[in-house]
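I am opening a notebook page on a structure that is new to me. My entries below follow the order in which I looked things up.

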Amino acid sequence: MPRLDRRHFIIGVVGAVGGGLVVGCAKPDRKSRVQSFVLAPEQSLQGQNVWFATASAHVDWGESVVVRTVDGRAKKVEGNPEFPINQGKTHVRSQAGVQSLYHPDRLKWPMRRRSRGSDDFEQIGWLSALDILAENFGPPRDSILITGRIGGTTARIASWLMNSLGGRHLVYEPLETTALRESIRKVFGVEQTPHFDIGNAHYVLSFGADFLGTWVSPVQYSMAYSRFRHGAGRERGLLTQIEPRMSMTGSNADRWVYINPGHEGAVALSIAHVIVREGLVGEDVWGAALEAVGGRDALARYAPEAVAGASGVSAEDIKTMAHEFASHQPGIAIAGGPALAQTNGSDAGAAVLLLNRIVGSVGEAGGVLPNPGPPRAVPLPMGPTPYSEFAALAGSASSQSIFVYDADPAYGLPEAAGFKRTLTEAGFVVSMSTFMNETSSYADLILPSTHPFEEWGDFAVDAADGRQVVGYQQPVVTPQTDGRSFGDVLLAITPEFTDDVLVSSETMHEAVRLTAINLFGDLDPTISPDENWIELLRRGGYWEGGAQPDQFSSSPAWSIDSLQAPSFSGDAPQFPFQLVPFETVSVGAGAEAVNPWLQAAPDPLTTVTWTTWVEINPHTAEKLGLKRGDLVDVIAPTGEKIRAGIYDSPVVPPDVIGVPVGGGREQGGRWDVGQGANVLSILSPQVDSATGALAWAATRARLQKVGKNRELPTFEFFDDPRNDEKGAPVKVTSE
Amino acid sequence: MESIRALLPRLTLRQLVVLSGIGVVLGAGGIATAAVLIFLGARGGTLRPAPEQPIAFDHARHAGELGIPCEFCHRGVETQAAATIPSLEQCMFCHAVVGKENPEVQLLAAHWEEGRAVDWVRVHRLPDHVRFVHEAHILAGLECSTCHGEVPTMKVVKQVENLNMGMCMACHREMSASLDCATCHK
């Protein structure tokens with residue numbers, strides 16, 4: 001380097017400063033550009049927020065959201081503050097609506113498979129796709145429509161199509177709630193889920209119902225729970241949770257009681273036994289109800305001492321719960337999750353719900369209240385079809401044409417159901433969805449459906465708040481793909497099969513609008529029907545009216561004697577663990593796994609993200625020589641197995657393993673395929689004896705060490721007492 | 001220290017202080033003079049010649065000869081803050097059929113076919129701290145030409161009014177409109 005003398009150094013500095021001043025003070029380039037839209041979004045105000053009320057994209061219990069849009073782009077989802085079910089709040093899954101809307105792996109156009117068994121699809125236009133659908137779906141084949149729990153105008157149109165074809169409509173729900181619905185029918189005599197008035201209750205006795213996380217209508221119940229715990233001017237409500245694996249609701253309970261799976265009904269009847277025997281509630285309250293289900297004699301078998309051994313719940317605990325429940329009225333007894341996913345599930349559910357009649361909380365504020373039912377033109381979401389009917393499809397697959405919409409039974413049904421073989425052998429399979437899924441990978445024709453933020457619709461809320469609640473769904477953006485809504489596709493093909501006109505509209509927009517105007521067009525007589533319709537859209541729906549108290553049956557239509565002991569797949573010595581699958585708050589039963597936000601949202605109890613884990617008691621893990629992150633094969637009696645990492649948890653009983661559902665997708669988007677394992681696939685086809693529903697918590701399993709350890713991606717750091725970030729696992733995606 | 005002194009002329013401390021004082025006075029005076037001259041000479045800072053646009057759209061042809069009202073294309077002008085640039089779809093309502101032999105229309109059609117937005121160069125722009133709402137002004141009865149000049153005579157649109165604060169204030173006074181700062185300033 002040449003030697004720099006002072007003179008040149010000063011010249012250099014002056015030059016640099018001078019140059020900087022010249023450049024810095026130069027006239028800035030003020031040329032500003034403005035882009036025109038190619039297609040102008042409807043109703044946008046350039047550069048300003050426009051909010052639309054519509055249905056949540058990812059929950060099915062009836063949640064209305066408002067979506068903030070700017071220049072035709074959806075930016076953020078918030079709860080609809082006026083809608084009674086969520087009152088401005090949202091479930092975590094609802095927040096991901098904008099992410100799935102702009103997901104890069106959405107199906108973009110209709111596709112036809114070139115030949116069966118290959119993955120070779122060709123892009124086709126909608127006219128060809130509808131022709132193929134109309135030619136192949138109807139006679140001479142048996143038409144079978146499989147959907148998720150659709151409701152409202154869409155369900156009416158679907159039933160019009162299937163009645164025209166003489167086909168069957170099966171409703172698929174992965175962790176089916178058939179047993180809950182059956183038990184409600186038996187005890188209260190209604191089809192609609194009643195209003196469990198948790199907000200005004202003084203006691204909640206929950207048998208496995210994770211009502212703060214995933215059960216029935218968790219956002220509504222979470223808000224009610226807040227009032228239950230610390231509402232103004234009332235005493236703090238008490239929560240007891242009885243379940244075989246601690247759920248999020250269990251972690252919030254005042255008392256958490258472990259129970260051997262399948263014995264929930266017996267323990268509920270034992271609590272009833274104590275209340276009746278000790279006269280904790282007057283006979284005038286429970287006399288008629290007990291007589292209707294078999295009387296004192298039927299209840300006599302369920303003394304706490306007799307139930308304690310098999311159930312794992314001590315007689316003392318049963319008595320304490322009976323005393324607390326009877327003395328803290330109004331109270332509510334509910335059942336869900338693994339309690340009802342047993343071979344005696346619906347009878348166990350009836351036994352639990354019967355407790356409400358025993359303590360007289362039915363029809364009372366703070367107890368179980370009836371819902372008034374939906375308007376006839378906007379039916380409730382359809383209840384799930386029992387598993388046994390899906391399994392029966394295998395018998396005559398070749399003569400069937402199967403149309404699957406918004407459901408993925410090939411992923412969610414156990415391998416033992418043989419549903420994939422049914423799809424392979426079926427005469428024609430068409431799948432309609434927003435993303436590829438396991439079922440669509442077997443389809444001859446794939447139709448891209450619009451995202452819920454791109455379609456018209458209406459819905460009636462099943463678990464309403466004692467009022468008639470109807471919500472409306474409207475497009476908040478123009479479609480991102482060449483997709484169509486399911487309702488529009490049905491309206492296009494149904495006239496091919498019938499001359500009867502049940503729905504005269506040609507589009508869902510018209511069908512929903514006309515239905516709404518017929519129902520609510522004169523809601524405000526000072527404005528026109530069309531203005532009433534706009535007002536419904538602005539508010540997000542209609543919620544008025546109350547139920548008649550006599551909507552419940554006067555007495556339960558059930559018998560205590562029908563409750564049987566549970567049975568399980570796999571014998572205890574060979575399969576020492578009770579396998580309890582559970583739904584996580586964010587990923588749910590698998591359909592939401594496509595959203596990376598939801599994959600990355602930690603499970604509330606374990607903080608695990610992105611993968612599947614096996615919860616096991618720490619002492620059991622130690623005995624087996626397993627530590628956190630050790631990979632194990634979970635092997636079911638069916639011979640099927642999945643591989644996942646161990647998570648030792650002190651709130652898992654010694655002979656239970658808990659595994660979340662929703663992982664292990666083979667088809668979908670770039671962020672869910674290959675993440676975790678699918679525990680639903682290994683379940684044994686055990687069914688609830690009364691309904692044929694899948695008893696998804698009645699399979700036993702054994703563990704086999706793999707000999708490898710893979711650190712679980714969690715947000716907690718037990719290894720470090722200071723709980724700092726040392727050793728924190730970080731999930732890095734390949735994208 | 002000795003080495004730095006060697007570079008400087010030999011001055012007494014008194015001479016150094018006097019010279020520094022003169023320097024400060026001259027410097028401050030110069031900056032102030034320049035600021036005043038810039039302020040007095042400013043014309044809103046946005047009055048510039050007509051820019052070259054990516055597609056040579058002819059306002060004189062559309063708004064002048066054909067008599068298409070401004071709000072037919074600038075559809076936000078009566079309903080929102082921005083007058084809005086029309087979407088390509090709107091251009092193609094006519095140009096799918098009309099003027100297909102015109103090379104500029106062909107350029108437009110190419111953008112439409114490819115689904116590619118046109119990067120127009122903005123002609124009128126107010127500073128970011130100003131909130132201007134077209135809707136309020138049009139509904140108050142103002143003509144577009146009050147601010148934008150006789151666009152129907154312009155083959156290429158350019159800014160003809162300086163659109164500075166003085167112009168806004170003068171008009172607001174004349175029309176008895178609000179003179180509150182917060183009416184226009186964010």
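How much area is buried between chain A and chain B? I keep in mind that this is a predicted model. The buried area comes to about 1900 Å², and carbon and sulfur atoms give 56% of that area.

I looked next at the chain A side. Val34(A), Ser36(A) and Val38(A) lose the most area to chain B. Together they make up 31% of what that side buries. In terms of residues, 17 of chain A are in contact with 25 of chain B.

I checked the kinds of contact. I found zero salt bridges between chain A and chain B. Polar contact turned up in nine residue pairs across the interface. Two elements of chain A, α1 (6-24) and β1 (33-35), each give two or more residues to the side that touches chain B. β1(A) gives the most, with three residues.

I then turned to the domains of chain A. The assignment gives domain 1 (49-101), domain 2 (111-171 + 381-460 + 468-537), domain 3 (178-369) and domain 4 (577-709). The C-alpha centres of domain 2 and domain 3 of chain A lie 37 Å apart.

My last entry is on a sheet. Four strands of chain A form an open sheet in the order β12-β11-β10-β13, with parallel pairing. β12 (255-258) and β13 (331-335) each have a single partner strand, so one side of each has no neighbour in the sheet. The twist averages 10 degrees from one strand to the next. I counted five bridges between β10 (residues 203-207) and β13 of chain A. Val204(A) stands opposite Ile332(A) in β13(A). Helix α14 (residues 345-358) lies across β10 and β13 of chain A, at about 175 degrees to β13(A).

Notes:
Residues numbered from 1 in each chain as written. Chains lettered and ligands numbered in written order. Predicted model: local features only at pLDDT ≥ 70, side-chain atom pairs only at ≥ 80, totals over all residues. Heavy atoms only, no water. Pairing = 2+ DSSP bridges. Axes fitted to C-alpha atoms, helices over the stretch in contact; angles between N-to-C directions. Contact = heavy atoms within 4.5 Å. Domains from an automatic or database assignment. Buried area = accessible area lost by both parts, 1.4 Å probe. Salt bridge = Lys/Arg side-chain N within 4 Å of Asp/Glu carboxyl O. Polar contact = N/O pair within 3.5 Å; in protein donor to acceptor, adjacent residues only side chain to side chain.
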